[in-house]
Amino acid sequence: QVQLVESGGGLVQAGGSLKLSCAASGRTRYAMGWFRQAPGKEREFVAGISWSGGSTYYGDSVKGRFTISRDNAKNTGYLQMNSLKPEDTAVYYCAADPRSYSPIITPAYWGQGTQVTVSS
């Protein structure tokens with residue numbers, strides 16, 4: 001079991017930055033990822049990171065703007081979001097996959113989500 005709790009969401013103007021955190025407890029070896037879901041849309045993959053942190057993978061819509069990282073000593077993952085756009089507005093979910101050793105994950109565990117709103 002992995003319990004995930006996101007934080008750091010909020011309201012920001014277009015062009016601004018936010019950093020999301022995902023605090024994990026329970027199992028300690030898992031790949032981690034971030035997904036998002038906007039109203040009326042399907043949940044979308046944003047970024048993934050391997051257990052070691054050595055490999056990352058991004059969705060096309062966030063490449064070059066978002067950076068995923070993790071601190072295994074703190075059992076915490078992060079998503080640094082820069083150059084935010086109104087279309088980045090969504091609920092952002094942290095996810096963990098204990099079966100993956102790559103940044104390509106199939107989530108087995110989800111956090112509760114944190115709202116990110118980007119105003120124009």
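Hi everyone, this short talk walks through the aromatic rings of this structure and the charges over them.

A quick word on the model: it is predicted, so local features need pLDDT of at least 70 and side-chain atom pairs count only at pLDDT 80 or more, while totals for chains, interfaces and linings use all residues. Residues are numbered from 1 along each chain as its sequence is written, and side-chain values use heavy atoms, with hydrogens and water left out.

Searching the whole structure turns up four aromatic pairs; rings of Phe, Tyr and Trp (its six-membered ring) pair if their centres lie within 6.5 Å, with planes under 30 degrees apart called stacked, over 60 edge-to-face and the rest tilted.

Take Phe45 and Tyr57, a tilted pair with 5.7 Å between centres and 35° between planes. Phe45 sits in strand β5 (residues 44-49) and Tyr57 in strand β6 (residues 56-58), 12 residues apart; strands here are DSSP runs of E, at least two residues, numbered from the N terminus.

Buried or exposed, what is Tyr93? Tyr93 is buried, at 14% relative accessibility, whereas Trp110 is partly exposed at 37% (buried is under 20% relative accessible area, exposed over 50%, partly exposed in between, with a 1.4 Å probe and protein chains only).

Tyr93 also has the charged end of Arg43 over its ring, 3.8 Å from the centre (CZ of Arg or NZ of Lys must be within 6 Å of the ring centre and within 35 degrees of the ring normal).

Finally, Phe35, Phe45, Tyr57, Tyr93 and Trp110 form one aromatic cluster. Thanks, everyone!

Conventions
Helices (H or I, at least four residues) and strands (E, at least two) are DSSP runs, numbered from the N terminus.
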